[in-house]
Amino acid sequence: MARIHRMQHMALPHSPWMEKADGMSKEQRDALDTLFRNGPLDIGGDPVRQREIFTRMLTSRPLPEDVVLTPGGLGEVPVLEVGIDGVTPEGTLLWFHGGFYVFGSARTSAGLASNVARRTRTRVILVDYRLAPEHPFPAAPDDALAAYRALLGETRSGDPARIAVVGESAGAGLAGALLVRACEQNLPMPAAGVLFSPYADLTLSGASMTTRIAVDPSFTPDAIAVRAKDYTGAADPANPLISPVFANLRGLPPLLIQVGSNELLLDDAVRLAARAAAADVPVTLEVTPGVPHLFQAFAAMLDEGEAALRRVTKFLHAAFTTANVEPNG
């Protein structure tokens, strides 16, 4: 059954109860908002320079000592496998990093990915898909499909009931496009998909591109438009494999979509979930109030991020359990 809900407080926003119960969370959200607004990253700036800044921002904190990173390849696509020392994985997460298809790498997602790997007792395979503008569409979805096909062929993880597809931002849009393409090609579906703040409409037509400008501390519509053009090149941005909000989602596995209300990409997530529900895809949409893009990556300092990752863990556990009981597909 399709299911859409928003994670919201039941009290009125300015009630005394809210101020007392949510005081620490508000301080945490304010601190994160300030961090983003004062950061050095300029999404619309020179790609080479901003890649350096993006990478430095997301890799400056050392990973926990028990995180094991192993470079490799899937279908001739470079990947980085993330495991937790001493933990025998019970499933595989095929993970696509964010960065508007222009920035980022497998390594820039290793912090969040290793956190989820530990919680879910899975191994994570981070895909280093080719980046625009050097490699515009369809390079990224071609790499995603090649990696997924190769993963299905692995003897130790080829059971799709033990695979979930995960993505952040552009990577979440890419994960959605991968699921659509795999379904079109009659490939076995994974057990589930988890999409963090999906960048799923490169026509930039969502209402939140206008209505959330004041509260989004990370991005501007103009900067996103620059990066969207880098990726689409001469292609139509409404192509369903570029913008999954326009795709036929029927046949996709259960989806968990998480987004913050302080995001220009809010409507990307809301409309993607609605389209999935209309296609009879089991979908859970979680809109967390007052938090920015990819707030889950800051679970160590933000209560809402910690709570979101607990829900991801519960969702994946249920998806793997269900997929191993019922026939896939």
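This is a predicted model: local features need pLDDT of at least 70, side-chain atom pairs count only at pLDDT 80 or more; totals for chains, interfaces and linings use all residues.
I started at phenylalanine 96 and, skipping its neighbours within four places in sequence, found it in contact (heavy atoms within 4.5 Å) with Val127, Tyr129, Ala144, Val165, Val166, Gly167, Glu168, Gly171, Leu174, Ala175 and Leu178. Residues are numbered from 1 along each chain as its sequence is written, and side-chain values use heavy atoms, with hydrogens and water left out.

Next I looked up the cores. A nonpolar core is a set of buried Ala, Val, Leu, Ile, Met, Phe, Trp, Tyr and Cys residues joined through side-chain atoms within 4.5 Å; buried means under 20% relative accessible area, with a 1.4 Å probe and protein chains only. The largest one has 69 residues, and Leu94, Phe96, Tyr101, Tyr199 and Leu249 touch the most other members. Helix α6 (residues 170-184) gives the most to this core, with nine residues. Helices are DSSP runs of H or I, at least four residues, and strands are runs of E, at least two, numbered from the N terminus. I also found a second, separate core of 31 residues, including Ala113 and Phe320.

Then I turned to strand β4 (residues 123-127). Five of its five residues are buried: Arg123, Ile125 and Val127 on one side, Val124 and Leu126 on the other.

Who pairs with β4? Strands count as paired if DSSP finds at least two bridges between them. β2 (residues 77-84) runs antiparallel to β4 with four bridges, and β3 (residues 92-96) runs parallel to β4 with five. I spotted tryptophan 95 opposite leucine 126 in β4.

Notes. Buried means under 20% relative accessible area, exposed over 50%, partly exposed in between (1.4 Å probe, protein chains only).
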